[in-house]
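Okay, everyone, thanks for coming. Let me put the structure up, and then I'll talk through it.

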Amino acid sequence: MRTAAGLTALALALGAAARNQAAPKADTGSGLAAFETVRKVFQHPRCQNCHIPGDAPLQFDDGRTHGQNVKRGPDGQGAAGLPCATCHQSRNPPASYGANMPPGAPNWHLPPARTPMVFIALTPGQLCATIKDPARTGGKDLPAMLDHVANDQLVGWGWDPGAGRAPVPVPRAELTAAFRTWMDAGAPCPTR
Amino acid sequence: MDVPEDMPLLWVLRDVLSLTGTKFGCGMAQCGACTVHIGDGPVRSCVLPVSAVGDRAVTTIEGLSAGAVHPVQQAWIDEDVVQCGYCQPGQVMAAAALLKAKAQPTDADIDAALSANLCRCGTYQRIRAAVHRAAGQTGGRS
């Protein structure tokens, strides 16, 4: 009886292994290739200008320090008395206002100071580690990050940045697919 | 009001409602002369389409207090802040918004909140002192 039970357990274990093999994850190579698409977007000026290590956001494609001594503030909503919403409304100004007006999107803000979710000036490996670490993403795990990438309205502004700004060069659907591919491959990180 | 929905709030205030206390400076939210409050927060009225205001309350310098007795306005008088005066409605509105957000600001708080309000007369030191005075603080002069 004991032998029969042992064989049954072994068979169950082999069956589970076989099921895992029947649904293989995307391979590491394709995951790393997908991550490069993610990196390209996350380190585009439309994204990284607010994902900064210091207290002053950046602006324009050359990433110069934001004018007017603008600060992140403790919660990412700007300084007391000068919230981001002073100039950044819930949508871009009308095109008739001209180029380089303060852009707008719902909930314009930076990551909070305690979890700044830095994207800028990181190697691909460092960026990858940041994205995978909830302590650095405001508690977002990878599915939450995928939702952020796919659905957040402020993130979506990167593809509709208003007159005078280059949009993110990768379509949002392509970014979302790449992020999912990377996740499904086990979220491998580049070594460099 | 029968105005185009993309008309900047500043134009509505000045040209339609004749509330000319709020000033035009740069027209692109760079100088702060056009600052008003929507709710308790400061907003640059030169880049805000009037349609975006919705049913929210707008307070201009004319409405900050009856008889210019708001603590910030009184402090501005006591500190003799004003030179040419053009930027001052925006400065006062920005200072009032700061004190709503932080009743006891430090010099750094004042600098962070008011650096986006430009004064070509260079009254910044007196502005800082006046904000401290309005907050009931002493020793703010530098």
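This is a predicted model: local features need pLDDT of at least 70, side-chain atom pairs count only at pLDDT 80 or more; totals for chains, interfaces and linings use all residues.

Residues are numbered from 1 along each chain as its sequence is written, chains are lettered from A and ligands numbered from 1 in the order in which they are written, and side-chain values use heavy atoms, with hydrogens and water left out.

So, the two chains. Chain A puts 20 residues into the contact and chain B puts in 23 residues, where contact means heavy atoms within 4.5 Å. About 1700 Å² gets buried between chain A and chain B, with 63% of that from carbon and sulfur atoms; buried area is the accessible area (1.4 Å probe) that two parts lose on being put together, summed over both.

How many salt bridges are there between chain A and chain B? The count is 0, taking a salt bridge as a side-chain nitrogen of Lys or Arg within 4 Å of a carboxyl oxygen of Asp or Glu. Over all chains, the count comes to 10 salt bridges. One of them joins the side chains of R46(A) and D61(A), at 2.7 Å, N to O.

Last, chain B. Helix α2 (residues 71-78) and helix α3 (residues 88-101) of chain B have axes that come within 9 Å and cross at roughly 125°. Helices here are DSSP runs (H or I, at least four residues), numbered from the N terminus; axes are lines fitted to C-alpha atoms over the stretch in contact, with angles from 0 to 180 degrees between N-to-C directions. On α2(B), the contact is made by V72(B), Q73(B) and W76(B).

How values were computed. Helices (H or I, at least four residues) and strands (E, at least two) are DSSP runs, numbered from the N terminus.
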